[in-house]
Amino acid sequence: ELLNGLAETMAEVGAANNPEILAGFTFLGQFIDHDLTLDTTPLSQQQQDPDALTNFRSARYDLDSVYGGSPTERPELYDPNDPDKLLIDGLNDPNKPDDVPRQSDGKAIIGDPRNDENLIVCQLHVAFMKFHNALVDHVREQGSVAAEGVFEEAQRLCRWHFQWMVVHDFLPHVVGQDMVDQVLEERDSQPAKVKLDFYKPKNTDMPMMPVEFAVAAYRFGHSMVRGAYRVNDTNVPAIFGAEPNDTNLNGSRPIPPALEIVWKFFFAIPGLDPPGPEDPPPNQARLIDSKLSAPLFNLPSSVVPPPDVLVSLAQRNLLRGKRLGLPSGQRIAREMGVAALSNQQLGLGNESGWKREAPLWFYILKEAELQQGGVRLAAIGGRIVAEVFLGLLKLDDNSYLSNDPSFRPAPPMAREDGQFLMGDLLKFAGVRLE
């Protein structure tokens, strides 16, 4: 009852924008999550066996949500006329947006069906497909790799640029550069130092996905979701609607031409002029706080398939944390040696049922709100996310951080000074920028 009551209080009223994070990072975070984690256990069964949390996704930044393994393992994901490239529907068709291949019922044929939950993360998935395909062309133009090695080289470059962008663009935005620097020290050609105080997997070959990360800390992005998004010069659809149409971004359907994304509204694109006073501004993310936008309290069937009737995201997150036996926010603070916020400070009042302990997910959101003004995660949330992200990267023998610490993005993928952010990735991929 306490959790259900708390969920009801988390509805957004008078939403505030995050001045430091554009909305694209909300969905980039969702895309990264789908690359790292997948738990297919139904919510109802998690209470019966909370220790059976299994990660069905490789805990690696390997883009297996895009590649599905390889052209041999998932040939339906690859272009039959050029198997080194991923299959994209609608290429060179002026009447159709570029899209993932789909079944007759409209559902996506991709490595992770969750990337079709909404039309923004779906089009982000397409952008990564196009980035890989552009790298195939680049590798061939270089002429330094035999024909049979083109796919593997393009895949390596795609993964390493993705990893670089996560470390140097995504993480600094959501946890702050100071937190990144506390955990990671990159040293040119010398192996990077990654200082992990709390995330220490016993099996480094199959590192566990901490439940505190997957079920609480990394769900911070839910508070960043807006009720609606400008996707191009003419349309501002709602994130979800009762039925999919041109007024919402419901997924599990072909991308409508009216909802094709112009990416300057989601990320800073190098080389583009900033919007003038008469131009529509880009979408800002919402603050990282204890409030969620209204559509997240009535999730559509593309996100919560029937017969599941629990359609409030706040309620789902809080109940899942309880059923999986998550420690409270205060318990984590004590374990980390961080001064804990009281339930009074968190706004939970003196309700004795909480026993002075707060749900970890709620605590992390409120901590960001109170200590960082909602622009980024704070001490506990930021530490969990930074250590897991950077720890997984360091433990992966195939990541750039472990395999080649001297790797640096270079033109034509990066700018002349070597800077490579999400906007650079989109630009090289050849997606619609303006």
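Modeller: A salt bridge is a side-chain nitrogen of Lys or Arg within 4 Å of a carboxyl oxygen of Asp or Glu. The model is a predicted one, in which local features need pLDDT of at least 70 and side-chain atom pairs count only at pLDDT 80 or more, while totals for chains, interfaces and linings use all residues. Residues are numbered from 1 along each chain as its sequence is written, and side-chain values use heavy atoms, with hydrogens and water left out.

By the salt-bridge rule, the count comes to 20. One of them joins the side chains of Arg156 and Glu153, with 2.6 Å from N to O. Both residues belong to helix H6 (residues 150–175), where they are three residues apart, about one turn of the helix. Helices (H or I, at least four residues) and strands (E, at least two) are DSSP runs, numbered from the N terminus. For accessibility, buried means under 20% relative accessible area, exposed means over 50%, and partly exposed lies in between (1.4 Å probe, protein chains only). Arg156 has a relative accessibility of 28% and therefore counts as partly exposed. Glu153 is also partly exposed, because its relative accessible area is 23%.

A second salt bridge is formed by Arg140 and Asp82, whose closest N and O atoms are 2.8 Å apart. This pair links distant parts of the chain, since Arg140 lies in helix H5 (residues 119–142) and Asp82 in strand E3 (residues 82–86), 58 residues apart. Arg140 is partly exposed, because its relative accessible area is 37%. Asp82 has a relative accessible area of 16% and is therefore buried.

Asp112 and Arg114 are both buried.

To set these pairs side by side: Arg156 and Glu153 share helix H6, whereas Arg140 and Asp82 join a helix to a strand. In the pair of Asp112 and Arg114, both partners are buried.
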